[in-house]
Amino acid sequence: MSSALEALRQDFGGDIVEPGGAEYEAVSGSLLVPGSPAYVLRPVTVADVQAAVRFAVDAGLKLSVRGGGHGFAGFGTNDGGVVIELSRLASVEVVDKERHLVRIGGGAVWGQVAAALAPHDLAISSGDTRSVGVGGLTLSGGIGWKVRKYGLALDSLVAVELVTADAEVVRASAEENQELFWAVRGGGGNFGVVTSFEFTAQPTTDVFFGKISFPATELTTVLQGWAEYLRTAPEELTSIVDFANPFLGGPNAPVEVSVAYDGDDPELAARAIDPIRRLGTVLSDEVTLKPYAEVLVDGMTPPPGIQIVTRSGFVDTASVPEVLGILAEAAAMELSPIMSVRSVGGAVARVADDATAYAHRQAELMFATTVLGPKPAIDAAGPGLAAIWARLAPHVSGAYANFLSSATEEAVGTVYPAATRERLAAVKAQYDAGNLFAGNHNIQPG
């Protein structure tokens with residue numbers, strides 16, 4: 001260990017934060033999960049990342065990589081190991097204006113990206129939250145507010161630069177290391193530390209965005225009508241329905257339909273959004289024209305002791321009525337989880353299932369259940385949550401890794417279909433045979 005640490009101090013140009021240091025408490029844990037790593041390394045160059053990877057290997061310590069730190073499973077930290085914290089590798093640069101090619105550092109968060117691209121009238125369809133990391137979201141999918149028009153965040157990706165378990169710098173794209181490029185688009189952080197991403201950004205205007213709320217008593221009608229309409233709605237319209245929020249009344253919480261219309265023409269926006277307004281009794285309508293960068297919200301940092309349990313699934317067209325019916329019934333329970341249903345399809349479904357490691361292309365909806373609170377509340381909600389998922393099981397498939405707090409073998413099996421997982425295992429064996437990068441929904445080397 002002493003020789004490995006000595007080599008690190010010689011080769012590493014960033015900060016080495018250890019327990020007891022002034023910054024340790026601020027950087028030891030990820031946003032949602034506490035941790036007590038032996039070292040938090042904050043690189044400022046790619047060479048620093050290489051040195052950090054060599055140190056983890058030479059010292060025989062568990063390694064975690066942190067971008068934004070929002071992962072529900074707490075992949076961005078550990079106990080007793082090494083954390084590579086990438087926040088200082090966060091540049092955002094338009095490298096080709098004509099092609100809208102953007103290079104983004106592996107430690108950037110989406111709020112930084114949106115703000116930097118706004119003066120160029122460009123955007124990348126990302127997640128919902130400013131502080132979510134570009135890396136974590138993109139490598140596992142990226143279902144955002146332009147998803148039906150432009151696809152997942154990873155569908156806009158044209159190249160990555162990453163540091164492998166051998167501390168080598170590798171570039172992957174459609175022309176270079178094609179199989180690795182296939183794998184990083186959906187395979188998470190299994191293959192190395194991504195130090196930069198290159199995206200094709202999309203031209204953007206202001207967008208019509210906001211919530212339309214309906215009474216809880218109209219949940220079933222609104223939910224089923226919403227899903228039916230989204231099948232034929234313009235792809236410029238992306239929408240999410242949230243309900244059963246215990247902080248807004250649980251079973252009596254309003255049904256909140258969030259809409260994002262990708263365009264600034266009020267007539268076209270009204271034509272796209274008005275059918276949702278007609279689904280029920282509108283309690284509030286907050287839809288306004290705003291810059292895309294202002295659509296992203298601030299992330300929630302839970303107080304100490306608060307746990308979050310999230311689980312997700314995909315729904316094909318034939319199963320939509322059954323799944324929405326089960327969710328609506330569950331929403332009437334006193335200990336119901338928070339529920340969120342998102343429309344996908346559109347541009348996502350026009351990509352072949354095997355074109356990327358994200359394999360759930362034909363799903364019409366993605367939904368998630370979330371329970372948060374102190375451990376006793378989580379435990380109390382457990383049986384009811386298990387019963388809901390037992391009812392859902394025959395009608396849903398897969399899971400979205402970005403909304404999944406479990407990282408068991410069973411959970412990984414829901415994220416990746418068997419053929420996808422087998423192909424990923426072969427790539428893993430080539431680039432990380434020792435499974436150094438296990439802090440994720442882990443693919444065992446084939």
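Student: Is Tyr 39 buried or exposed?

Tutor: Tyr 39 is buried, at a relative accessible area of 9%. Buried means under 20% relative accessible area, exposed means over 50%, and partly exposed lies in between (1.4 Å probe, protein chains only). This is a predicted model, in which local features need pLDDT of at least 70, side-chain atom pairs count only at pLDDT 80 or more, and totals for chains, interfaces and linings use all residues. Residues are numbered from 1 along each chain as its sequence is written, and side-chain values use heavy atoms, leaving out hydrogens and water.

Now look at the ring partners. Rings of Phe, Tyr and Trp (its six-membered ring) pair if their centres lie within 6.5 Å; planes under 30 degrees apart are stacked, over 60 edge-to-face, and the rest tilted. This rule gives nine aromatic pairs. One of them joins Tyr 39 to Phe 55, edge-to-face, with 5.2 Å between centres and 90° between planes. Tyr 39 belongs to strand S2 (residues 39-42) and Phe 55 to helix H3 (residues 46-59), so the pair ties together parts 16 residues apart in sequence. Helices (H or I, at least four residues) and strands (E, at least two) are DSSP runs, numbered from the N terminus. Phe 55 is buried too, with 1% relative accessibility.

A second pair brings Trp 145 and Phe 209 together, again edge-to-face: 5.0 Å centre to centre, 80° between the planes. Trp 145 sits in the loop between helix H5 (134-140) and helix H6 (147-150), while Phe 209 is in strand S12 (residues 207-214), so this pair links distant parts of the chain, 64 residues apart. Trp 145 is buried at 7% relative accessibility. Phe 209 is buried at a relative accessible area of 11%.

Rings also gather in a group. Phe 72, Phe 314, Tyr 358, Tyr 400 and Phe 403 make up one aromatic cluster.

Charges meet rings as well. A charge sits over a ring if NZ of Lys or CZ of Arg is within 6 Å of the ring centre and within 35 degrees of the ring normal. Arg 311 places its charged end over the ring of Trp 389, 4.1 Å from the centre. Arg 423 does this with Trp 182, at 3.8 Å.

Next, the helices. Axes are lines fitted to C-alpha atoms, for helices over the stretch in contact, with angles from 0 to 180 degrees between N-to-C directions. Helix H8 (residues 219-230) packs on helix H10 (residues 320-330) at about 150°, with axes 10 Å apart. That makes the two roughly antiparallel; the label needs an angle over 145 degrees, while under 35 is roughly parallel, 65 to 115 roughly perpendicular and the rest oblique. In H8, Leu 219, Thr 220, Leu 223, Gln 224 and Ala 227 meet Val 320, Pro 321, Leu 324, Gly 325 and Ala 328 of H10. Contact here means heavy atoms within 4.5 Å.

H8 also packs on helix H9 (residues 266-277), at about 155° and with axes 9 Å apart. Trp 226, Tyr 229 and Leu 230 of H8 make that contact with Arg 271, Ala 272, Pro 275 and Ile 276 of H9.

H10 has another partner in H11. They pack at about 160°, axes 10 Å apart, and are therefore roughly antiparallel. H10 contributes Val 323, Ile 326, Leu 327, Glu 329 and Ala 330 to the contact, and H11 contributes Ile 388, Arg 391 and Leu 392. Buried residues in H10 include Val 320, Val 323, Leu 324 and Leu 327. Their cover includes H8, strand S13 (237-243), strand S17 (307-315), strand S18 (338-343), S19 and helix H11 (375-392).

Val 371 lies in strand S19 (residues 365-373) and is buried, at 11% relative accessibility. Val 371 and Ile 338 are 33 residues apart in sequence, but 6.3 Å apart in space, C-alpha to C-alpha. Leaving out residues up to four places away in sequence, Val 371 touches Gln 307, Ile 308, Val 309, Pro 337, Ile 378, Ala 381 and Leu 385.

Finally, the backbone. Most residues other than glycine have a negative phi. Asp 121 has a positive phi of about 55° although it is not a glycine, and it lies in the loop between helix H4 (110-117) and strand S7 (122-123). Asn 177, also not a glycine, has a positive phi of about 50°. Asn 177 lies in the loop between strand S9 (169-173) and helix H7 (178-184) and is partly exposed, at 33% relative accessibility.
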